[in-house]
Amino acid sequence: MTGQLRHMLRDDDINHEEQKAILRLGMRFRSDRFYKRPFEGPQAVAVLFDKPSTRTRSSFSIGVAELGGYPLVIDKSGSQLGRGEPVEDTARVLTRMASAIVWRTYGQDRVEQMARYATVPVVNALTDEFHPCQVLADFLTIAQMRGGVDALEGKTIAYLGDAANNMSNSYLLAGAVAGMHVRVAGPQGYLPDPVIVADAQRIAADNGGSILVTTDPREAVAGSDCIFTDTWVSMGEESEYAIRSKPFTPYQVNDELMGLAKPDALFQHCLPAYRGKEVTASVIDGAQSVVWDEAENRLHAQKALLTWLIGVQRGDEGLLA
C-alpha cells in the first residue's frame with residue numbers, strides 16, 4: 001500500500017467504508033485501550049486549543065499517550081498563533097516536529113489553511129462549522145449499544161435545537177456517509193446552510209440514506225433510533241441566553257418527545273448539558289440516556305481516527321484493521 005496524506009477536517013473527508021473502518025478500530029480500542037500504539041517512541045502530536053475544553057482536551061491528551069505518543073498541548077495564550085503568527089508558518093514548524101496536528105479553533109478556514117501547509121495529518125477537533133470527532137464518538141456509541149458498526153446503516157437519527165450550528169452540520173454529513181436517515185429540526189432562522197444540506201443529500205443518495213430538514217420536532221423524532229441535542233447557546237454567547245433560547249423551547253428533548261421515538265431509542269448530548277433547557281433531567285439522567293458512554297467514546301473514536309490517518313500516511317496495513 002502506498003502512503004497518502006489524509007486529513008479529517010469535515011465529516012465527509014472520509015467515505016462510507018473508511019468511516020466503518022475507523023469505527024471498527026474504535027470498537028477494538030473500547031475493548032483494549034492499548035490495542036495499537038502507532039506513536040510509540042514517543043512521537044509528538046500537537047494538540048492546539050483556541051477554545052476552552054474538557055472532553056476534547058482530556059480525550060486527545062490521554063488518547064495520544066495511550067497510543068504511545070507525547071501530547072504537546074498548546075493553548076492560545078501559549079502559542080504565537082494567539083499573537084497573530086500566520087497559520088501557514090505554524091503549520092510549517094509543527095509539521096517538522098509532530099506526527100499529527102489536532103486543532104480546536106474558530107473558523108473552518110483555519111484548519112483548512114493548516115492542512116494546506118502541513119505534511120502530517122490534521123484533525124479538526126472543533127470549528128464553528130463542524131465537529132467530526134464528536135460525531136464519530138456518537139456513532140461509535142450507537143454501534144456499541146445497537147449491534148455493531150454494520151448496524152448503523154438504515155438507522156434513523158434526529159437532532160433537535162440550533163440546526164444552524166456545527167453539530168447539525170456534522171450529523172447531516174456523517175449520517176449521510178453512514179447511510180443513515182438523518183432528521184434535523186430547528187426553528188426558522190436556525191436551519192442548516194442549504195449547501196451543507198445539498199452535500200448531505202448527494203452523499204446519502206449514494207449510501208442508501210436520506211435527509212430531512214424540518215421545523216417540526218415531532219416529525220423529526222417520530223420512530224427514530226437515537227435523539228441528539230446540543231446547548232441552545234454556543235460558547236461565548238452565554239450572556240444572550242435569555243434572548244437566544246426563546247425560539248428553541250419547543251425543541252427541548254423531554255419525556256413526551258422521547259415517547260414518539262422507538263421504545264428503545266437512545267438519547268445523546270455532546271455536553272456540557274443544561275438540564276431544564278435543551279433537555280430535561282428526566283431524559284438525560286434516565287434509562288435511555290447514554291451520554292457517559294458517548295463522552296468516553298471520544299477517547300476511543302479519536303484514537304481510532306489518529307491510528308487510521310497515520311496508517312494511511314505510512315501505508316501500514318497493520319494499523320488499518
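In this predicted model, the second largest pocket has a lining of 14 residues, and those nearest its centre are Ile74, Ser79, Thr90, Val93 and Leu94. The space within this pocket amounts to about 210 Å³. At least two lining residues come from each of strand 1 (44-49), strand 2 (70-75) and helix 3 (87-94). Helix 3 makes the greatest contribution, with three residues. By class, the lining of the second largest pocket comprises nine nonpolar residues, four polar residues and one charged residue.

The model contains one cavity of 30 Å³ or more, and the largest cavity holds about 40 Å³ of space. Its lining consists of Met8, Asp11, Ile14, Gln19, Pro132, Val135, Leu136, Phe139 and Ala174. Seven of these residues are nonpolar, one is polar and one is charged. Helix 5 (residues 132-145) gives the most to this lining, namely four residues.

Phe139, one of the residues lining the largest cavity, also belongs to the largest nonpolar core, which has 65 residues. Within that core, Phe139, Ile142, Ile157, Leu306 and Trp308 touch the most other members. Leaving aside residues up to four places away in sequence, Phe139 is in contact with Gln19, Leu23, Leu152, Ile157, Tyr171, Ala174, Gly175, Ala178 and Met180. A separate, second core has 19 residues, among them Tyr251, Leu257, Ala273 and Val283. In soluble globular proteins, nonpolar side chains tend to be buried together.

Notes. Residues numbered from 1 in each chain as written. Predicted model: local features only at pLDDT ≥ 70, side-chain atom pairs only at ≥ 80, totals over all residues. Heavy atoms only, no water. 1 Å grid on protein atoms, 1.4 Å probe; cavity = no way out; pocket = protein on both sides within 12 Å on 5 of 7 lines; lining within 4 Å. Points joined across faces, edges and corners; volume = space filled by probe spheres on them. Nonpolar A, V, L, I, M, F, W, Y, C, P; charged D, E, K, R; others polar. Core = buried A, V, L, I, M, F, W, Y, C linked by side-chain atoms within 4.5 Å. Buried < 20%, exposed > 50% of the residue type's maximum accessible area, 1.4 Å probe, protein only. Contact = heavy atoms within 4.5 Å.
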